Amino acid sequence: MSDSTITNSATAEPALTHGIYDISADAGRIDAERVHHWLSTDAYWAMGRPREKQDRAIEGSLNFGAYHRETGEIAAYARVVTDYATFAWLCDVYVDRPARGTGLGTALVTAVRDHLAPYGLRRILLATADAHGVYEKVGFTPLQIPDKWMVLGQP
């Protein structure tokens, strides 16, 4: 049995509780300064990302945070870019180093998946170089036909 349970937050949004953390999609709780620090200094995909670019990304996205229940301090973050109809891109998933190894990353991605489920999206996409196991636990699989996909921009 998992130590994760579904609860309701003050905003009536579904929240996942995992151990000492509450996971929420309440954008007002995001600590943008801390998220920027994590991503721009410790995330291989966002090293050096300017603060103003991160702030724009947060403003244009569905954001999730995991918060220590007693202190309210953010311990993990995930961002989703979506049209709420057919597609979503899960990105900028980050778990603070002291919280790693507790299952918080899996719980955070589970909360994202469950939050998006009612929209009936055809596809939720993500890219990872090193966390395949986390995403596989939640149901993600490698692209079946990667030759059908193309990208414009930096790898």
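Which residues does Leu 104 touch, not counting residues up to four places away in sequence? In this predicted model, the residues in contact with Leu 104 are His 18, Tyr 21, Ile 23, Ala 66, Ala 75, Ala 76, Val 95 and Ala 99.

**Overall layout**

The protein chain contains four helices and seven strands. Read from the N terminus, the order of these elements is β-β-β-α-α-β-β-β-α-β-α. Of the 155 residues of the chain, 39% count as buried. Among contacts in the chain with a separation of 6 or more, 56% join residues 24 or more positions apart.

**Nonpolar cores**

In soluble globular proteins, nonpolar side chains tend to be buried together. Here the largest nonpolar core has 28 residues. Leu 104 is one of the residues with the most contacts inside this core, together with Ile 23, Phe 64, Val 80 and Leu 90. At least two core residues come from each of strand E3 (21–24), strand E4 (62–68), strand E5 (74–82), strand E6 (87–95) and helix H3 (104–116). The biggest contribution is that of H3, which gives seven residues.

**The H1–H2 pair**

Helix H1 (residues 32–42) packs with helix H2 (residues 51–59) at an angle of about 115 degrees, and the two axes are 10 Å apart. The crossing of H1 past H2 is right-handed. On the H1 side, the residues of this contact are Ala 32, Glu 33, Val 35, His 36 and Leu 39. Their partners in H2 are Arg 51, Gln 54, Asp 55 and Ile 58. By type, the contact residues comprise four nonpolar, two polar and three charged.

Buried positions in H1 are Ala 32, Val 35, His 36, Trp 38, Leu 39 and Ser 40. These buried residues pack against H2, E5 and E6.

| Residue | Element | Relative accessibility |
|---|---|---|
| His 36 | helix H1 | 15% |
| Gln 54 | helix H2 | 0% |
| Cys 91 | strand E6 | 7% |

His 36 counts as buried because its relative accessibility, 15%, is under 20%. The side chain of His 36 reaches the backbone oxygen of Arg 49 at 2.7 Å. Leaving out residues up to four places away in sequence, His 36 touches Arg 49, Pro 50, Arg 51 and Gln 54.

Gln 54, at 0% relative accessibility, also counts as buried. Apart from neighbours within four places in sequence, Gln 54 is in contact with Val 35, His 36 and Leu 39, as well as with Arg 49, Tyr 77 and Asp 92. Val 35, His 36 and Leu 39 are among the H1 residues that meet H2.

What does Cys 91 touch, not counting residues up to four places away in sequence? The contacts of Cys 91 are with Ala 78, Arg 79 and Val 81. Between Cys 91 and Ala 78 there is a sequence separation of 13 residues, while their C-alpha atoms are 6.3 Å apart in space. Cys 91 is found in strand E6 and is buried, with a relative accessible area of 7%.

Definitions and conventions. Residues numbered from 1 in each chain as written. Predicted model: local features only at pLDDT ≥ 70, side-chain atom pairs only at ≥ 80, totals over all residues. Heavy atoms only, no water. Axes fitted to C-alpha atoms, helices over the stretch in contact; angles between N-to-C directions. Left-handed = near helix turned anticlockwise from the far one by under 90°. Contact = heavy atoms within 4.5 Å. Nonpolar A, V, L, I, M, F, W, Y, C, P; charged D, E, K, R; others polar. Core = buried A, V, L, I, M, F, W, Y, C linked by side-chain atoms within 4.5 Å. Buried < 20%, exposed > 50% of the residue type's maximum accessible area, 1.4 Å probe, protein only. Polar contact = N/O pair within 3.5 Å; in protein donor to acceptor, adjacent residues only side chain to side chain.
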